[in-house]
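Please examine the structure shown here alongside the report that accompanies it.

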Amino acid sequence: MTQINKLIHRLWAVLVVAAFLYCAPRCHAQIAELTFQADQSQQCIAIVNALERDHFTGKKLDKNMSGQVFDRYIKFLDPGRHLLTQADLDEFQPLKQLMYKYLKTGNLGPAFEIFNLYQSRSEQRLEYILELAKSWQTRIDFTKNETLVIDYDHKPFIRDTSGLEPLWEKELKNHIINLKIDKTPDDEISETLKKIYSNRLSSLSQTQARDVFQIFMNAVTMSFDPHSQYFAPRLSEDFDIHMKLSLEGIGAVLQNEYEYTKVVRLIAKGPADKSQKLAPGDKIIGVGQGQDGEIKDTIGQRIDDVVKLIRGPKDTYVRLKIIPARKANVTATISIKRDEVKLEEQAAQKKVVDVTSNNRTYKLGIIEIPNFYIDFDAFHRGDPDYKSTTGDVTKLLLQLKKEKIDGLIIDLRDNGGGSLKEANDLTGLFLKYGPTVQIKTKFRVSRLYDEDPQIIYTGPLMVLINRMSASASEIFAGAVKDYHRGLIVGTRSFGKGTVQELKPLGDGRLKMTSAKFYRVSGQSTQHRGVEPDIWFPEIYRPKDTGESALDGALLWDHIDATRYSAYVSLQPVIKPLDDAYKKRAEKSFGIKYLTQRIQLAESLREQKNLSLNLADRLKTDTALNNEELALENNYREQKGEKPLASLEDIDPEREEIKEILTDQAQYIAADFITLSRKNGYNWQ
């Protein structure tokens, strides 16, 4: 027997004994242990070889990466740190060091051993909670001054199994308190708890070896970077549906975070975006069908299962129970009407506004671009009138020129990207010629160029971005900034500066990062995104949204700048423009309202612990609602509107935040026109 096999055998014996000792009083062995299949072993080797050979970073699965894979696997299995203990991790330490060797040889035994302990402990937890929930009204004391740690990243693992049941009782107590805050009657609470935890136990028993393989392989792929992912054979047929969630259903891009399904971004003009009820950073914890359908618990569910619940026929409703990003200590239930994102609504649109500044009225053209779209079928057929972002914006610019606009705003807020070709072509409408973006693979650097010397618009240009402006939006904004072609206003963009390719691998598919985007100045758009010249308040919290919020995201770096001919620097006008904006912001009740909302949300997000004293929680919830209501009514009073009786009276379809910032952007644009003329800027 080799040294490694002896070690595995020894560890397995320890785990069996530990599991037996812990389960002895109560474990019914309902859930069978899982083992890997021979074909999964071969697929594991193929995945590792493909990653080492083709991944952009050139990483090798070695001893250093071994620990990363192990830690990520543990985090995938037990994100709340309420199942495995520090004693378990100490026992697993030798496996952690040798994980890379097991992977290279296709030995999935250690991964399945860890999973089986996790599975057994999950069963014990659910059985314990179900038993406790039967008599929660007499057994749980809601007057005790206890707290529950909710900061998972800094929460320590319980020392050993003796500390698990007290933790599980606290988790159940918090669940009940949340139900009470939602005004759920006690008899309904008992039934709700029974249904939720029985369903979780039933789902646990349906876990198969292929599920374990999927989880473990993604712990491997995502240790290379968070956008690399393995889709097992079972999921291959659902892959396109999963990827097209943004175009069908509610129009939201989702990802797993801990035990929750988190909203990464909303598709502009999609059902969720238009509803104004769902926001990036919100966590989905339940899904119901119809306007009054029962909410099905989704905590701990695979994302593809949650997606299937959210998807449905057009014109039907889906109800989502969420933990709002801006108020993470409560839950809310919202209803969204399913629909497809209509192509005509995704198209670029224009409007003209008059803005008075410096005793002069300026005519501003505003073009909103929801994404970078192109009809590839028509393009490849050679149809000269194929639909595209650049084609539509060209027509809009020609119309705006006839209307004699003084300046132009390109609004890319919430634009998640799209066609790279369109990002390049759109940039060319504002430049004479030159490179627009650099693309680096493992082996070489290539560039996209604007080769058409024609400039469609030569006047003052502003580009509006926010945290949800990603990918192609960042390429366009980065090029405008590097060429000094226009002013960038808003907040830091998303930071998605990598390219993924989807490759068949056996019966599954491997999505892998193969390249990285760089601006013509050599700066990457990855991780940092594009920084604005003038900063607006950050509506989306950078810690929760954007590329930098992803665990293991590739970092910012730079390469050599390529040769390009920039216009005269805008630096001389940026400070006076920023100073003027800040003076206006100090007097703006809209900006004050916005800032106070952000501060309130931030104070809630910074909570590390939750009180488990029911009276304290109810008091805190009432105080927060009163504070938020007072904030809303103060803003309404400033606008001359009637006060609200409760927060439930807020119109969910209003777009206050966007309008407040749009108004400020228009004044900045007017000032920019004045200063650009005064300084003799010319963008011919």
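The following report covers helix packing, a sheet and salt bridges.

## Basis

The structure is a predicted model.

## Packing of helix 3 and helix 9

Helix 3, spanning residues 63-77, packs against helix 9, spanning residues 209-224, at an angle of about 130 degrees. The axes of helix 3 and helix 9 lie 9 Å apart. Because of this angle, helix 3 is oblique to helix 9. The crossing of helix 3 past helix 9 is right-handed.

On the side of helix 3, the contact is formed by Met65, Gln68, Val69, Arg72, Tyr73, Phe76 and Leu77. Helix 9 contributes Val212, Ile215, Phe216, Asn218, Ala219, Val220, Met222, Ser223 and Phe224. Sorted by class, this contact of helix 3 with helix 9 comprises 12 nonpolar, three polar and one charged residues.

An open sheet is built from six strands in the order 9-10-11-14-15-18, with mixed pairing. Strand 9 (349-357) and strand 18 (534-535) are the edge strands, each of which pairs on one side only.

Within this order, strand 14 (residues 461-465) and strand 15 (residues 487-490) run parallel and are joined by four bridges. Val463 is placed opposite Ile488 of strand 15.

## Salt bridges

The structure contains 41 salt bridges. One of the residues involved is Glu171, which forms a salt bridge with Arg125; their closest N and O atoms are 3.1 Å apart. Glu171 belongs to helix 7 (residues 164-181) and Arg125 to helix 5 (residues 109-133), so the pair ties together parts that are 46 residues apart in sequence.

Notes:
Residues are numbered from 1 along each chain as its sequence is written. This is a predicted model: local features need pLDDT of at least 70, side-chain atom pairs count only at pLDDT 80 or more; totals for chains, interfaces and linings use all residues. Side-chain values use heavy atoms; hydrogens and water are left out. Axes are lines fitted to C-alpha atoms, for helices over the stretch in contact, and angles run from 0 to 180 degrees between N-to-C directions. Helices (H or I, at least four residues) and strands (E, at least two) are DSSP runs, numbered from the N terminus. Angles under 35 degrees count as roughly parallel, over 145 as roughly antiparallel, 65 to 115 as roughly perpendicular and the rest as oblique. A crossing is left-handed if the near helix is turned anticlockwise from the far one by less than a right angle, and right-handed if clockwise. Contact means heavy atoms within 4.5 Å. Ala, Val, Leu, Ile, Met, Phe, Trp, Tyr, Cys and Pro count as nonpolar, Asp, Glu, Lys and Arg as charged, and the others, Gly among them, as polar. Two strands pair if DSSP finds at least two bridges between them. A salt bridge is a side-chain nitrogen of Lys or Arg within 4 Å of a carboxyl oxygen of Asp or Glu.
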